[in-house]
Amino acid sequence: MATPQHKSFCVLEFAKCNSAITVQRRFRLKYQIDPPNEWNIRRWYRQFVDTGCVCKGKSPGRPRVSEENVALIQAAYQRSPSKSTRRASRELQLPKTTVWRVLKRRLVMKPYKLHLLQALKNDDKQKRVEFCGQIQDAIDNDNNFSERIVFSDEACFHLNGKVNKQNVRIWALQNPHAYIEHLRDSPKVNVFCAISRSSVYGPFFFDGNTVNGTQYLHMLQNWLFPRLNEDNLIFQQDGAPPH
């Protein structure tokens, strides 16, 4: 690659002799290396005459997406926000990368994941409102109400160290292609724990890979309830099938 000094020499010599071949001979004698080709010598000279500089010009870069195509992409996602970029590319006859760049950079949109929620029946919302009112009344009438609640839950732990890939991110300059091998139906343990204002109850380890209603009731009657030393406690549990 020619240096600025090489380009300057070629421009000055070409201005003297107006011959690219002569410039090549003088260049070889001065620098003892192969000279630039004739086309580059003439191009550098024209550039110097036009701009007064032989520096490399800034590349125009990637052509900008037209406003018409931006409007088409925006309209497509207003009609169907869940449309994939692959499908939009096929329908609009635009490159997939163009669709992605317009969504991210021009329209400043973000791809959000769907969240799965438990379906509610028609009267569930009213029941929730009534429940909140009852709890609020209980707190107003009993200053120690919240302190009498025993919260509980269970969790499943895989013994081979299985992780939730949605919670793991690896920051790197290049894709490390990291992976974790896990065995299907690997050994696991189900653990119960409860907590109140003053105590932690557990952990309690269930036998077997799953917990059914009989096992759960046996744990409550023979392990948890005998440990609840305080009277008038309120036991909380979620809506898991064994409950």
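This is a predicted model: local features need pLDDT of at least 70, side-chain atom pairs count only at pLDDT 80 or more; totals for chains, interfaces and linings use all residues.

Me: How many helices and strands does the protein chain have?
Reply: The elements run α-α-α-α-α-α-α-β-β-β-α-β from the N terminus. The total for the protein chain is eight helices and four strands.

Me: Which domains does the assignment give?
Reply: The C-alpha centres of domain 2 and domain 3 lie 43 Å apart. The assignment gives domain 1 (4-51), domain 2 (67-108) and domain 3 (122-236).

Me: What is the radius of gyration of the protein chain?
Reply: The C-alpha atoms fill a box of roughly 110 × 45 × 40 Å along the principal axes. A compact globule of 243 residues would come near 18 Å. The protein chain has 37 Å.

Me: Is α1 roughly parallel or roughly perpendicular to α3?
Reply: Helix α1 (residues 4-17) packs on helix α3 (residues 38-51) with axes 9 Å apart. The angle is about 85°. Angles of 65 to 115 degrees count as roughly perpendicular. Therefore α1 is, relative to α3, roughly perpendicular.

Me: How do the residues of the contact of α1 with α3 divide?
Reply: From α1 come K7, C10, V11, F14 and A15. From α3 come I41, R42, W44, Y45 and F48. They divide into eight nonpolar, no polar and two charged.

Me: What percentage of the 243 residues is buried?
Reply: Buried means under 20% relative accessible area. By that cut-off, the buried share of the protein chain is 23%.

Key: Residues are numbered from 1 along each chain as its sequence is written. Side-chain values use heavy atoms; hydrogens and water are left out. Domain bounds come from an automatic or database domain assignment. Axes are lines fitted to C-alpha atoms, for helices over the stretch in contact, and angles run from 0 to 180 degrees between N-to-C directions. Helices (H or I, at least four residues) and strands (E, at least two) are DSSP runs, numbered from the N terminus. Angles under 35 degrees count as roughly parallel, over 145 as roughly antiparallel, 65 to 115 as roughly perpendicular and the rest as oblique. Contact means heavy atoms within 4.5 Å. Ala, Val, Leu, Ile, Met, Phe, Trp, Tyr, Cys and Pro count as nonpolar, Asp, Glu, Lys and Arg as charged, and the others, Gly among them, as polar. The radius of gyration is taken over C-alpha atoms; the globule rule is 2.2 Å times the number of residues to the power 0.38. Buried means under 20% relative accessible area, exposed over 50%, partly exposed in between (1.4 Å probe, protein chains only).
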